[in-house]
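Welcome, and thanks for taking a look at this model with us. Please open the structure in your viewer and keep the sequence at hand while you read.

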Amino acid sequence: MSREGERLLHEMGLGPVWKLRAKPAAAMPPEDAAVATPVAVAVPAPELAAVTATAAPVATMSWDELAATVAACRLCPLCAARKQAVLGVGDRNADWLFVGEGPGAEEDQRGEPFVGQAGKLLDNMLAAIGLKRGQDVYIANAVKCRPPENRTPTTEETATCRPYLARQIELLQPRLIVALGRPAAQTLLQSDVKIAAARGKIHDYRGIPLIVSYHPAYLLRTLLDKAKAWEDLCFMRRTMQTRKDT
Ligand code: URA
């Protein structure tokens with residue numbers, strides 16, 4: 001790896017590649033494996049009724065309508081345990097859109113995506129390619145409400161929430177979408193994506209290039225893949241440059 005690569009990995013908070021680290025207490029599942037077993041949350045049937053803040057269909061909503069609708073959404077069981085729905089954060093004219101999995105405990109508390117440990121790493125990854133949260137960058141999640149115990153959202157939950165993400169993308173019109181982790185990639189690409197096979201390629205989301213990479217939470221657990229994450233960041237940066245040049 002070049003000195004520049006090492007410097008930026010350091011900036012990502014990932015330290016030198018060769019540094020010997022203590023073995024994790026238990027083997028972590030690979031990014032491609034389901035991170036946790038989905039647990040169904042029982043919500044009384046009437047609670048699952050569509051509750052929208054406006055009468056407009058999601059596909060035609062303004063940002064304000066979308067924000068109000070997501071805040072009031074009770075379309076899936078995730079609404080039962082959330083403190084608040086987390087729509088997304090950042091520049092609504094951004095060229096870059098990063099999509100994660102779903103809010104965790106801190107995100108649920110603060111109402112902003114990626115503010116916990118994984119978020120700090122994401123901020124460092126952004127800095128490594130000259131980006132900053134809120135400046136030409138928008139950050140969202142595949143599901144807007146926190147899955148209990150930080151489990152992986154079910155396919156039903158991501159499918160129910162997908163129109164909100166689709167509308168965000170429609171309103172943003174980013175030049176490049178980065179799907180962080182498998183749930184985000186599968187939600188956006190609507191196929192059974194495996195991160196290892198999908199990274200390093202340009203995918204298509206309704207005419208917008210989409211790049212798949214590792215979720216920051218996975219990188220925090222799996223330091224061996226940090227060099228691949230760095231390759232992905234370089235690939236993203238090159239792809240964006242090409243998009244701007246053409
Ligand atoms: N992980 C995610 O996928 N999204 C968040 O907002 C926080 C952690």
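## The ligand and its shell

Which residues surround the ligand? In this predicted model, the shell consists of G100, E101, G102, P103, E107, P113, F114, N141 and H215. Sorted by class, the shell holds three nonpolar, four polar and two charged residues.

A backbone N or O atom of E101 sits 2.6 Å from an oxygen atom of the ligand. At G102, a polar backbone atom is 3.1 Å from a ligand nitrogen. N141 takes part through its side chain, with an N or O atom 2.8 Å from a nitrogen atom of the ligand. On its own, the ligand has 240 Å² of accessible area, and the protein covers 91% of that.

## The chain as a whole

Stepping back, the chain has 246 residues, and 47% of them are buried. Its secondary structure comprises nine helices and six strands. If you count contacts with a separation of 6 or more, 73% of them join residues 24 or more positions apart.

For those who think in surface terms, the chain exposes about 11800 Å². Carbon and sulfur atoms supply 54% of that area.

In soluble globular proteins, nonpolar side chains tend to be buried together. Here, the largest nonpolar core contains 63 residues, and the members that touch the most others are W96, F98, I177 and L188. Helix α9, spanning residues 226-245, gives the most to this core, with seven residues.

Leaving aside neighbours within four places in sequence, L188 is in contact with V99, R162, L165, I169, I177, A179, Y205 and L210. One of these partners, I177, is itself among the core members with the most contacts to other members.

## An enclosed helix, α6

L188 also belongs to the buried residues of α6, together with R182, P183, A184, A185, T187 and L189. Why is α6 largely enclosed by the rest of the structure? Seven of its eight residues are buried, so the surroundings close over most of the helix. Those buried residues pack against β2 (96-100), α5, β4 (176-180), α7, β5 (203-205) and β6 (208-213).

T158 is placed in helix α5 and counts as buried, at 9% relative accessibility. Apart from residues within four places in sequence, T158 is in contact with A142, V143, P153 and T187. T187 is one of the buried residues of α6.

## Beyond the end of α6

Just after α6, Q190 takes a positive phi of about 55°. Is K194 buried or partly exposed? K194 is partly exposed, because its relative accessible area is 38%, which lies between the limits of 20% and 50%.

## Loops with positive phi

Most residues other than glycine have a negative phi. D136 is not a glycine, yet has a positive phi of about 65°. D136 is found in the loop between α4 (117-128) and β3 (137-141), and is partly exposed, with a relative accessible area of 22%.

N150, also not a glycine, has a positive phi of about 55°. N150 lies in the loop between β3 and α5 (155-172). N150 is partly exposed as well, with a relative accessible area of 43%.

## A stop at helix α3

The last stop is Q109, in helix α3, which covers residues 105-110. Q109 counts as partly exposed, at 49% relative accessibility. Which residues does Q109 touch, not counting those up to four places away in sequence? The partners are K83 and Q84. Q109 and K83 are 26 residues apart in sequence, and their C-alpha atoms are 6.4 Å apart in space.

Terms used: Residues are numbered from 1 along each chain as its sequence is written. This is a predicted model: local features need pLDDT of at least 70, side-chain atom pairs count only at pLDDT 80 or more; totals for chains, interfaces and linings use all residues. Side-chain values use heavy atoms; hydrogens and water are left out. Helices (H or I, at least four residues) and strands (E, at least two) are DSSP runs, numbered from the N terminus. Buried means under 20% relative accessible area, exposed over 50%, partly exposed in between (1.4 Å probe, protein chains only). Contact means heavy atoms within 4.5 Å. Accessible areas come from the Shrake-Rupley method with a 1.4 Å probe; for residues, only the protein chains shown count as cover. A residue is near a molecule or strand if one of its heavy atoms lies within 4 Å of it. A polar contact is a pair of N or O atoms within 3.5 Å; within protein, one must be able to donate a hydrogen and the other to accept it, and residues adjacent in sequence count only if both atoms are side-chain atoms. Ala, Val, Leu, Ile, Met, Phe, Trp, Tyr, Cys and Pro count as nonpolar, Asp, Glu, Lys and Arg as charged, and the others, Gly among them, as polar. A nonpolar core is a set of buried Ala, Val, Leu, Ile, Met, Phe, Trp, Tyr and Cys residues joined through side-chain atoms within 4.5 Å.
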